[in-house]
Amino acid sequence: MADGGLPVIARFEVRHRNYLAPDGSINRPLPAFASDTDLLTALYRAMMLLRNFDRKAVALQRTGRLGTYAVSLGQEAVSVGVASAMREEDVLLPSYRDNGALIWRGVKLEEILLFWGGDERGNHFSGPVRDFPFCVPVGSQAPHAAGVAYAFKLRKQPRVAVCMFGDGATSKGDVYEAMNFAGVHKLPVVFVATNNQWAISVPLRLQTGCETLAQKAIAAGFIGEQVDGSDVVAMRAAAEDAIAAARDGRGPRFIEAVTYRLGDHTTSDDALRYRSADEVQARWKEEPITRLRSYLVGQKMWSKAQEEQLAAECHERVEAAVERYLATEPRRPETMFDHLYAELPETYAAQRRELAGEGDA
Amino acid sequence: MPEMTLVEAVNLALARAMEDDPDVVVLGEDVGINGGVFRATVGLQTRFGPERVLDTPLAELLISGLCVGMAAQGLKPVGEIQFMGFLYPCIDQLVNHASRIRNRTQGRLTCPMVLRTPHGAGIRAPEHHSESTEAMLAHIPGLRVVIPSSPERAYGLLLAAIRDPDPVVFLEPTRIYRAAKGEVEDDGEALPLDVAFVLRKGRDVTLISWGGMLKETMAAADALAADGIAAEVIDLATLKPYDEITVLGSVAKTGRCVIVHEATRTGGFGAEIAALIAERALTSLLAPVARVTGYDTIIPMARLEHHMMPSVDRIVTAARQACQFS
């Protein structure tokens, strides 16, 4: 034998979770919560709202009324599924593409528009007060999540930190350092990697030599699971299991949500430069909203009338938020100094007065 | 009052802060049973337990990032980086998160963390162990950068840093960790941040420095006094934000200024002070502002490092030239 008959000292496995097939049929018995029509339709509503919101945000950007924006098109099930499994007292640490999770947790649409519109007040949002704002430097929020979870553990609080990032972030040391530490201390934290196949123009095969991203958890000493990220039932179920385990002191978990970014990376990107229209077209057959709708309609949990009503509701809600966003008065320039320090040191207070035109600087 | 070294004063302040506030957590590489590579955390784990005195994996970025997460939950983490040359993986966290989380969330989240690290050359350490890149940190809005120069100020300023509601990088001058001795009373009294300390009054020339280099600066002031030149010596102590009023007041009085730091010259913090004086005190000046600094080169290893660092002679020469100008 080439290995000289050396003994195997460890074996690992990675499981894949999926319930709903792309056509909305069932691959295996659904988790208990799926019998709750109100919950399933709430997930559907949230995904639809997010898609409507995205469409409007892009329109605003194209007409110069919003800055660069990152759409969730095709991957709505990830953020909605994960957030729906969290409790209010848990802490979310999102990446810049996790609008759906923020909205589920109570952040107002106009606050998200304010953020992408270039106004820090969007981060002073109505969601849970300890939730983190969107994180732009990729993966740099993962160590924060470990710190948050450590604080929960130290204070013996039954709370969980949920950290979301993309496939590109799993290439960064930040993410591995945080997972490694979380594994050492069995911290109450769940890492969710949204594997949407593309980190701007770099495909997964150039991002990692790993067969799955989920197996990265093995090196950190905990379970990594691969989940169909276009199946919101699977996302919700996986997040529920992982969060429950973390809350019970069974340590961290890692979820690889395998999905597809149907849109551009951001409104500043043109994905046609690096991937074919045919590839994208094929992936539309797997997208999460049609998938859940097919299931709901098949189960008579959802009707055409409800669909029409939801469309009207989404439109109304988004338009009202846009109105409030556009009506928000800009901050006075000198307020850029506000919240720089708890108390502004005099030397910077003088600069603040200079900016305010109070001219003694 | 007991006499102690600077590193013992750091230890005393950490113990006092942990005793007073259960939210204070100390973390870093080897800070537990080993008490830190310089023994700054010695005895703390025995006293406060492994959950509050936490040995981290060997990952500096992680240490700074953990501090941000803990602080945003209301803990008061004090992270240790073993040498300033290993601080650089933390820069992303300091620039992008620690220093700006209050501002970018408009006060919803805050970051009351401290990151401690040894500062400067002169202990014949291996390469990457002798950095003094404080100017890089002082450039970051929203951060505080503090350097003590004596055991008393190490105790008082570290307590202030831990109690401060914003992030502080606390640079501890390695060369005088044990060489500096002084009486420190463990009274829990903090010293003010953002305030310079006038270590010696004088009318002829202002000498400004911080950290370990104040040892040479004070010796230079002694040598100048023997020549009949009365130097005023300012310990800047907090570099971000720094005490402009004390600097300008002193230069207005003496008309001459020599800035001393061991960091390289170009873009060093001395340049900032010289620019301030040029902008706001030009008419007081009787001589050009002088800088006595490290040279614009990589800090040499042990055999040459003392040639890089400002000597008493270089400081005295610069001050004499300033006094003889015009």
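Tutor: A:Gln197 lies in the loop that links β4 (189–195) and β5 (198–199) of chain A, where strands are DSSP runs of E with at least two residues, helices are runs of H or I with at least four, and both are numbered from the N terminus. This is a predicted model, in which local features need pLDDT of at least 70, side-chain atom pairs count only at pLDDT 80 or more, and totals for chains, interfaces and linings use all residues. Residues are numbered from 1 along each chain as its sequence is written, chains are lettered from A and ligands numbered from 1 in the order written, and side-chain values use heavy atoms, without hydrogens or water.

The backbone at A:Gln197 has a positive phi of about 80°, although this residue is not a glycine. Most residues other than glycine have a negative phi, and most peptide bonds are trans. For the model, ipTM is 0.95 and pTM is 0.96.

In chain A, helices α5 (residues 142–154) and α6 (residues 173–185) have axes that come within 7 Å and cross at roughly 20°. They are therefore roughly parallel (under 35 degrees). Their crossing is left-handed. The residues that meet (heavy atoms within 4.5 Å) include A:Ala146 and A:Tyr150 from α5(A), with A:Ala178 and A:Phe181 from α6(A). By class, this contact has seven nonpolar, one polar and two charged residues.

Helices α1 (residues 37–62) and α2 (residues 76–84) of chain A pack with axes 10 Å apart, at an angle of about 135°. The crossing is right-handed. Among the residues that meet are A:Leu43, A:Met47 and A:Leu50 in α1(A), and A:Ala77 and A:Val80 in α2(A). This contact divides into six nonpolar, two polar and two charged residues.

Finally, the domain assignment of chain A gives domain 1 (15–20 + 33–261 + 276–330) and domain 2 (333–360). Their C-alpha centres lie 37 Å apart.

Terms used
Axes are lines fitted to C-alpha atoms, for helices over the stretch in contact, and angles run from 0 to 180 degrees between N-to-C directions. Angles under 35 degrees count as roughly parallel, over 145 as roughly antiparallel, 65 to 115 as roughly perpendicular and the rest as oblique. A crossing is left-handed if the near helix is turned anticlockwise from the far one by less than a right angle, and right-handed if clockwise. Ala, Val, Leu, Ile, Met, Phe, Trp, Tyr, Cys and Pro count as nonpolar, Asp, Glu, Lys and Arg as charged, and the others, Gly among them, as polar. Domain bounds come from an automatic or database domain assignment.
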